[in-house]
Amino acid sequence: MQTLKVHHIGYLVKKMEPAVRSFEALGYEMEQPSSYDDIRKVHICFLQKDGYRIELVSPASGESVVSGLIKKYKNSPYHICYETEQFDEDYRKLTNCGYVSIDVPTPAPALQNRNVVFLMNAALGMIELLEK
Ligand code: NI
């Protein structure tokens, strides 16, 4: 699907500050400082290096959407986000070709309240679709 452009790699971390320090020590630069997403109960920030954008996501409480995931994955990458100018159409295409929606399109405060939705694929795990 040529309309999908990689926007970021989502990276789960248990604690934001030590993760940021460690990524910066590797040469990553802060693109967008940590902000709180009250819908998902997570802290989110964006770092960049060599043209790659990493989204750090850490749970703010036990009710966070990632609290269960972090027990399973620890500190690790867990999704690739694809940006598209045809959000509704691509969302429909993905669900028609084996992707299962795990939530509904919801505004992302850390991304100018653009809509995002998470989908699972049996062969490659979780992806995120982001409205451009
Ligand atoms: Ni993401």
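## Pocket lining

In this predicted model, strands β3, β4 (52–59), β5, β7 (106–108), β8 (114–121) and β9 each contribute at least two residues to the lining of the largest pocket, and β3 gives the largest share, three residues. Strands here are DSSP runs (E, at least two residues), numbered from the N terminus.

The pocket has a volume of about 320 Å³, taken as the space filled by probe spheres set on grid points joined across faces, edges and corners. Its lining counts 23 residues, with R40, V65, V66, D103 and F118 nearest the centre; a pocket is an open set of points on a 1 Å grid over the protein atoms alone, where a 1.4 Å probe fits, with protein on both sides within 12 Å along at least five of seven lines, and lining residues have an atom within 4 Å of a point.

## Nickel site

The nickel ion has as protein donors H8 (NE2), E55 (OE), H79 (NE2) and E128 (OE), at 2.0 to 2.1 Å, donors being N, O and S atoms within 2.8 Å of the metal (3.2 Å for Na, K and Ca); water is not among the atoms, so sites may look incomplete. H79 in strand β5 (residues 76–84) and E128 in strand β9 (residues 125–131) link distant parts of the chain, 49 residues apart, and both are buried (under 20% relative accessible area, 1.4 Å probe, protein chains only).

## Basis of the values

Residues are numbered from 1 along each chain as its sequence is written, and side-chain values use heavy atoms, without hydrogens and water. Local features need pLDDT of at least 70 and side-chain atom pairs count only at pLDDT 80 or more, whereas totals for chains, interfaces and linings use all residues.

Key. Helices (H or I, at least four residues) and strands (E, at least two) are DSSP runs, numbered from the N terminus. Buried means under 20% relative accessible area, exposed over 50%, partly exposed in between (1.4 Å probe, protein chains only).
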